[in-house]
Amino acid sequence: MSHHFIDRFCQQDSFVHRLDARFKILLVLVFLLVQVSTPPPHLHAFVVYAGLLLWATALARIPAGPVLRRAALVLPFSAFVALGLPFLHGGETVAVFGLHLSRSGLWLLFGATVKAMLAATAVILLMATTPFGRLLNALRHLGVPLFFIDILAMTQRYLSLLMGEATRLRRAAIARGYAPKWLPQSVIIGRLAGNLFLRSYERAERVYGAMRLRGYRGLLPSTPLAPLGRTDWLLLAVLPCVFLAVRWWVR
(Lines give C-alpha, C1' and ligand atoms only; values in the text may rest on other atoms or scores of the structure.)
Protein backbone atom coordinates (compact mmCIF):
# COMPACT_ATOMS: atom_id res chain seq x y z
CA MET A 1 0.00 0.00 0.00
CA SER A 2 1.82 3.13 -1.16
CA HIS A 3 1.73 6.48 0.58
CA HIS A 4 0.84 8.08 -2.75
CA PHE A 5 -2.45 6.21 -2.88
CA ILE A 6 -3.34 7.14 0.70
CA ASP A 7 -2.30 10.79 0.35
CA ARG A 8 -4.16 11.09 -2.94
CA PHE A 9 -7.60 10.24 -1.57
CA CYS A 10 -7.53 11.10 2.13
CA GLN A 11 -7.68 14.84 1.41
CA GLN A 12 -10.87 14.59 -0.66
CA ASP A 13 -14.20 15.93 0.55
CA SER A 14 -17.07 13.48 0.86
CA PHE A 15 -19.61 12.30 3.41
CA VAL A 16 -17.28 9.51 4.54
CA HIS A 17 -14.27 11.84 4.79
CA ARG A 18 -16.20 14.27 7.00
CA LEU A 19 -17.14 11.62 9.56
CA ASP A 20 -15.24 11.68 12.84
CA ALA A 21 -12.11 9.52 12.82
CA ARG A 22 -13.03 7.96 16.18
CA PHE A 23 -16.39 6.84 14.77
CA LYS A 24 -14.74 5.29 11.72
CA ILE A 25 -12.20 3.41 13.83
CA LEU A 26 -14.90 1.99 16.12
CA LEU A 27 -17.09 1.09 13.15
CA VAL A 28 -14.23 -0.75 11.42
CA LEU A 29 -13.49 -2.67 14.63
CA VAL A 30 -17.14 -3.74 14.95
CA PHE A 31 -17.22 -4.73 11.28
CA LEU A 32 -14.06 -6.82 11.67
CA LEU A 33 -15.39 -8.62 14.73
CA VAL A 34 -18.75 -9.35 13.10
CA GLN A 35 -17.44 -10.60 9.78
CA VAL A 36 -14.67 -12.69 11.36
CA SER A 37 -17.24 -14.43 13.60
CA THR A 38 -19.53 -15.22 10.64
CA PRO A 39 -19.47 -18.95 9.73
CA PRO A 40 -17.95 -19.52 6.27
CA PRO A 41 -21.03 -21.33 4.85
CA HIS A 42 -23.11 -18.14 5.24
CA LEU A 43 -22.28 -16.98 1.73
CA HIS A 44 -25.03 -14.38 1.47
CA ALA A 45 -23.72 -12.63 4.58
CA PHE A 46 -20.31 -12.17 2.97
CA VAL A 47 -21.98 -10.84 -0.17
CA VAL A 48 -23.77 -8.25 1.98
CA TYR A 49 -20.50 -7.33 3.75
CA ALA A 50 -18.80 -6.82 0.40
CA GLY A 51 -21.73 -4.75 -0.83
CA LEU A 52 -21.55 -2.51 2.23
CA LEU A 53 -17.84 -1.93 1.65
CA LEU A 54 -18.42 -1.12 -2.02
CA TRP A 55 -21.23 1.24 -1.03
CA ALA A 56 -18.92 3.04 1.43
CA THR A 57 -16.24 3.23 -1.27
CA ALA A 58 -18.71 4.82 -3.67
CA LEU A 59 -19.82 7.33 -0.99
CA ALA A 60 -16.18 8.26 -0.46
CA ARG A 61 -15.75 8.76 -4.23
CA ILE A 62 -12.75 6.42 -4.31
CA PRO A 63 -12.28 4.06 -7.28
CA ALA A 64 -12.99 0.50 -6.21
CA GLY A 65 -10.28 -0.97 -8.46
CA PRO A 66 -7.23 0.42 -6.62
CA VAL A 67 -8.74 -0.45 -3.23
CA LEU A 68 -9.46 -4.06 -4.25
CA ARG A 69 -6.04 -4.50 -5.86
CA ARG A 70 -4.31 -3.43 -2.67
CA ALA A 71 -6.60 -5.53 -0.51
CA ALA A 72 -5.87 -8.57 -2.69
CA LEU A 73 -2.22 -8.43 -1.60
CA VAL A 74 -3.22 -10.25 1.60
CA LEU A 75 -4.73 -13.21 -0.28
CA PRO A 76 -1.47 -15.14 -0.89
CA PHE A 77 -0.56 -14.91 2.81
CA SER A 78 -3.99 -15.89 4.12
CA ALA A 79 -4.34 -18.70 1.59
CA PHE A 80 -0.85 -20.00 2.40
CA VAL A 81 -1.60 -20.09 6.13
CA ALA A 82 -4.88 -21.97 5.64
CA LEU A 83 -3.80 -24.10 2.68
CA GLY A 84 -3.35 -27.25 4.74
CA LEU A 85 -6.85 -27.20 6.25
CA PRO A 86 -8.55 -29.18 3.44
CA PHE A 87 -5.94 -31.94 3.92
CA LEU A 88 -5.74 -31.97 7.71
CA HIS A 89 -9.30 -31.23 8.79
CA GLY A 90 -11.49 -34.25 9.42
CA GLY A 91 -15.09 -35.00 8.51
CA GLU A 92 -16.76 -35.58 5.18
CA THR A 93 -14.49 -35.47 2.14
CA VAL A 94 -15.02 -34.41 -1.47
CA ALA A 95 -13.00 -35.30 -4.56
CA VAL A 96 -11.25 -32.32 -6.16
CA PHE A 97 -8.92 -33.08 -9.10
CA GLY A 98 -8.45 -36.60 -7.80
CA LEU A 99 -7.70 -35.45 -4.24
CA HIS A 100 -9.94 -36.27 -1.30
CA LEU A 101 -10.29 -33.03 0.62
CA SER A 102 -12.20 -32.27 3.78
CA ARG A 103 -15.42 -30.37 3.09
CA SER A 104 -15.20 -28.46 6.37
CA GLY A 105 -11.53 -27.73 5.68
CA LEU A 106 -12.45 -26.25 2.29
CA TRP A 107 -15.03 -24.03 3.98
CA LEU A 108 -12.40 -22.88 6.48
CA LEU A 109 -9.98 -22.10 3.65
CA PHE A 110 -12.67 -20.12 1.86
CA GLY A 111 -13.56 -18.27 5.06
CA ALA A 112 -9.94 -17.37 5.82
CA THR A 113 -9.31 -15.87 2.39
CA VAL A 114 -12.62 -14.00 2.12
CA LYS A 115 -12.43 -12.61 5.66
CA ALA A 116 -8.85 -11.45 5.11
CA MET A 117 -9.92 -9.71 1.90
CA LEU A 118 -12.86 -7.97 3.58
CA ALA A 119 -10.73 -6.92 6.57
CA ALA A 120 -7.99 -5.49 4.35
CA THR A 121 -10.56 -3.59 2.28
CA ALA A 122 -12.12 -2.06 5.41
CA VAL A 123 -8.73 -0.96 6.78
CA ILE A 124 -7.62 0.49 3.44
CA LEU A 125 -10.90 2.39 3.15
CA LEU A 126 -10.39 3.76 6.67
CA MET A 127 -6.88 4.98 5.87
CA ALA A 128 -7.89 6.34 2.46
CA THR A 129 -10.63 8.52 3.99
CA THR A 130 -8.79 9.74 7.10
CA PRO A 131 -5.55 11.75 7.17
CA PHE A 132 -2.93 9.86 9.13
CA GLY A 133 -2.50 12.62 11.71
CA ARG A 134 -6.22 12.60 12.49
CA LEU A 135 -6.14 8.82 12.69
CA LEU A 136 -3.35 8.85 15.27
CA ASN A 137 -5.05 11.61 17.25
CA ALA A 138 -8.29 9.61 17.29
CA LEU A 139 -6.46 6.49 18.50
CA ARG A 140 -4.92 8.56 21.28
CA HIS A 141 -8.33 9.81 22.42
CA LEU A 142 -9.72 6.27 22.27
CA GLY A 143 -7.18 5.19 24.87
CA VAL A 144 -4.65 3.33 22.72
CA PRO A 145 -1.26 3.21 24.53
CA LEU A 146 1.00 6.08 23.48
CA PHE A 147 3.86 3.67 22.81
CA PHE A 148 1.96 2.03 19.93
CA ILE A 149 0.85 5.39 18.56
CA ASP A 150 4.45 6.62 18.46
CA ILE A 151 5.50 3.43 16.69
CA LEU A 152 2.78 3.92 14.07
CA ALA A 153 3.79 7.55 13.58
CA MET A 154 7.48 6.73 13.13
CA THR A 155 6.73 3.77 10.86
CA GLN A 156 4.52 5.85 8.58
CA ARG A 157 7.08 8.63 8.48
CA TYR A 158 10.18 6.58 7.72
CA LEU A 159 8.85 3.56 5.82
CA SER A 160 9.23 5.33 2.49
CA LEU A 161 12.79 6.32 3.42
CA LEU A 162 13.68 2.71 4.23
CA MET A 163 12.14 1.52 0.96
CA GLY A 164 14.20 4.10 -0.92
CA GLU A 165 17.34 2.98 0.92
CA ALA A 166 16.63 -0.66 0.05
CA THR A 167 16.09 0.27 -3.61
CA ARG A 168 19.44 2.10 -3.75
CA LEU A 169 21.24 -0.87 -2.16
CA ARG A 170 19.69 -3.24 -4.69
CA ARG A 171 20.65 -1.03 -7.64
CA ALA A 172 24.22 -0.76 -6.37
CA ALA A 173 24.42 -4.56 -6.05
CA ILE A 174 23.06 -5.10 -9.56
CA ALA A 175 25.55 -2.58 -10.95
CA ARG A 176 28.31 -4.74 -9.41
CA GLY A 177 27.09 -7.95 -11.06
CA TYR A 178 24.49 -9.20 -8.60
CA ALA A 179 22.17 -11.69 -10.37
CA PRO A 180 19.50 -13.07 -8.03
CA LYS A 181 18.69 -15.93 -10.39
CA TRP A 182 21.85 -17.75 -9.30
CA LEU A 183 21.66 -19.55 -5.94
CA PRO A 184 25.24 -18.78 -4.80
CA GLN A 185 24.56 -15.07 -5.15
CA SER A 186 21.50 -15.29 -2.91
CA VAL A 187 23.90 -14.90 0.03
CA ILE A 188 24.15 -11.25 -0.93
CA ILE A 189 20.52 -10.79 0.15
CA GLY A 190 21.56 -11.42 3.74
CA ARG A 191 24.41 -8.94 3.45
CA LEU A 192 22.11 -6.31 1.95
CA ALA A 193 19.58 -6.88 4.75
CA GLY A 194 22.30 -6.47 7.36
CA ASN A 195 23.54 -3.30 5.69
CA LEU A 196 20.01 -1.93 5.62
CA PHE A 197 19.54 -2.77 9.31
CA LEU A 198 22.75 -0.94 10.28
CA ARG A 199 21.80 2.13 8.25
CA SER A 200 18.30 2.11 9.75
CA TYR A 201 19.70 1.80 13.26
CA GLU A 202 22.07 4.72 12.72
CA ARG A 203 19.28 6.84 11.24
CA ALA A 204 17.01 6.00 14.20
CA GLU A 205 19.70 7.17 16.63
CA ARG A 206 20.13 10.46 14.75
CA VAL A 207 16.37 11.04 14.59
CA TYR A 208 15.91 10.26 18.28
CA GLY A 209 18.74 12.64 19.21
CA ALA A 210 17.19 15.40 17.10
CA MET A 211 13.78 14.80 18.70
CA ARG A 212 15.28 14.98 22.21
CA LEU A 213 16.92 18.28 21.37
CA ARG A 214 13.54 19.61 20.26
CA GLY A 215 11.82 18.71 23.52
CA TYR A 216 10.58 15.16 22.94
CA ARG A 217 10.08 13.36 26.27
CA GLY A 218 8.10 10.33 25.17
CA LEU A 219 4.87 12.11 24.20
CA LEU A 220 4.10 13.43 20.73
CA PRO A 221 1.95 16.59 20.63
CA SER A 222 -1.77 16.20 20.01
CA THR A 223 -4.75 18.45 19.46
CA PRO A 224 -8.10 18.23 21.29
CA LEU A 225 -11.02 16.72 19.38
CA ALA A 226 -14.56 18.02 19.24
CA PRO A 227 -17.32 15.77 20.62
CA LEU A 228 -18.88 13.29 18.22
CA GLY A 229 -21.60 14.87 16.12
CA ARG A 230 -25.22 13.82 15.90
CA THR A 231 -24.63 12.01 12.61
CA ASP A 232 -21.72 10.06 14.08
CA TRP A 233 -23.76 8.92 17.09
CA LEU A 234 -26.70 7.97 14.89
CA LEU A 235 -24.58 5.90 12.53
CA LEU A 236 -22.71 4.36 15.44
CA ALA A 237 -26.04 3.17 16.81
CA VAL A 238 -27.51 1.96 13.51
CA LEU A 239 -24.65 0.42 11.52
CA PRO A 240 -23.46 -2.08 14.17
CA CYS A 241 -27.07 -3.27 14.43
CA VAL A 242 -27.08 -3.75 10.66
CA PHE A 243 -23.85 -5.77 10.86
CA LEU A 244 -25.27 -7.94 13.65
CA ALA A 245 -28.52 -8.46 11.74
CA VAL A 246 -26.57 -9.66 8.71
CA ARG A 247 -24.44 -11.88 10.97
CA TRP A 248 -27.36 -13.67 12.60
CA TRP A 249 -30.14 -13.76 10.00
CA VAL A 250 -28.54 -13.77 6.54
CA ARG A 251 -27.60 -17.28 5.45
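Student: Which residues touch the most other members of the largest nonpolar core?
Tutor: Phe 23, Ile 25, Phe 31 and Tyr 49 do, in a core of 25 residues. A nonpolar core here is a set of buried Ala, Val, Leu, Ile, Met, Phe, Trp, Tyr and Cys residues joined through side-chain atoms within 4.5 Å. Buried means under 20% relative accessible area, exposed means over 50%, and partly exposed is in between, with a 1.4 Å probe and protein chains only.

Student: Before we go on, what kind of model is this, and how are the residues numbered?
Tutor: This is a predicted model, where local features need pLDDT of at least 70 and side-chain atom pairs count only at pLDDT 80 or more, while totals for chains, interfaces and linings use all residues. Residues are numbered from 1 along each chain as its sequence is written, and side-chain values use heavy atoms, with hydrogens and water left out.

Student: What is Phe 23 in contact with?
Tutor: Leaving aside neighbours within four places in sequence, Phe 23 meets Leu 228, Asp 232, Leu 235, Leu 236 and Leu 239. Contact means heavy atoms within 4.5 Å.

Student: And what does the second, separate core include?
Tutor: That one has twelve residues, among them Ala 56, Ala 60, Ala 120 and Leu 125.

Student: Let's switch to rings. How many aromatic pairs does a search of the whole structure find?
Tutor: Six. Rings of Phe, Tyr and Trp (its six-membered ring) pair if their centres lie within 6.5 Å; planes under 30 degrees apart count as stacked, over 60 as edge-to-face and the rest as tilted. In one of the pairs, Phe 31 and Tyr 49 have ring centres 5.7 Å apart and planes at 85 degrees, so they are edge-to-face. Phe 31 is in helix α3 and Tyr 49 in helix α4, so this pair ties together parts that are 18 residues apart in sequence.

Student: Are Phe 31 and Tyr 49 buried or exposed?
Tutor: Both are buried.

Student: What about the rings of Phe 46 and Phe 110?
Tutor: Their centres are 6.3 Å apart and their planes at 85 degrees, so this pair is edge-to-face too. The pair links distant parts of the chain, since Phe 46 is in helix α4 and Phe 110 in helix α8 (residues 103–128), 64 residues apart. Phe 46 is buried at 5% relative accessible area, whereas Phe 110 is partly exposed at 30%.

Student: Which residues form the aromatic cluster?
Tutor: Phe 31, Phe 46, Tyr 49, Trp 107, Phe 110 and Phe 243 form one cluster.

Student: Now a polar one. Where is Thr 38, and what does its side chain join up with?
Tutor: Thr 38 is in the loop between α3 (21–36) and α4 (43–59). Its side chain makes a 2.9 Å polar contact with that of Tyr 49. A polar contact is a pair of N or O atoms within 3.5 Å; within protein, one must be able to donate a hydrogen and the other to accept it, and residues adjacent in sequence count only if both atoms are side-chain atoms.

Student: Is Thr 38 buried or exposed?
Tutor: Thr 38 is buried, with a relative accessible area of 0%. Not counting residues up to four places away in sequence, Thr 38 touches Ala 45, Phe 46, Tyr 49, Lys 115 and Arg 247.

Student: What does the side chain of Arg 22 reach?
Tutor: The backbone oxygen of Ala 226, at 2.3 Å. Arg 22 is in helix α3 and is buried, at 13% relative accessible area.

Student: Last one: where is Arg 61, and what is its phi?
Tutor: Arg 61 is in the loop between α4 and α5 (64–71). Its phi is positive, about 60 degrees, although Arg 61 is not a glycine. At 54% relative accessibility, Arg 61 counts as exposed.

Key. Helices (H or I, at least four residues) and strands (E, at least two) are DSSP runs, numbered from the N terminus.
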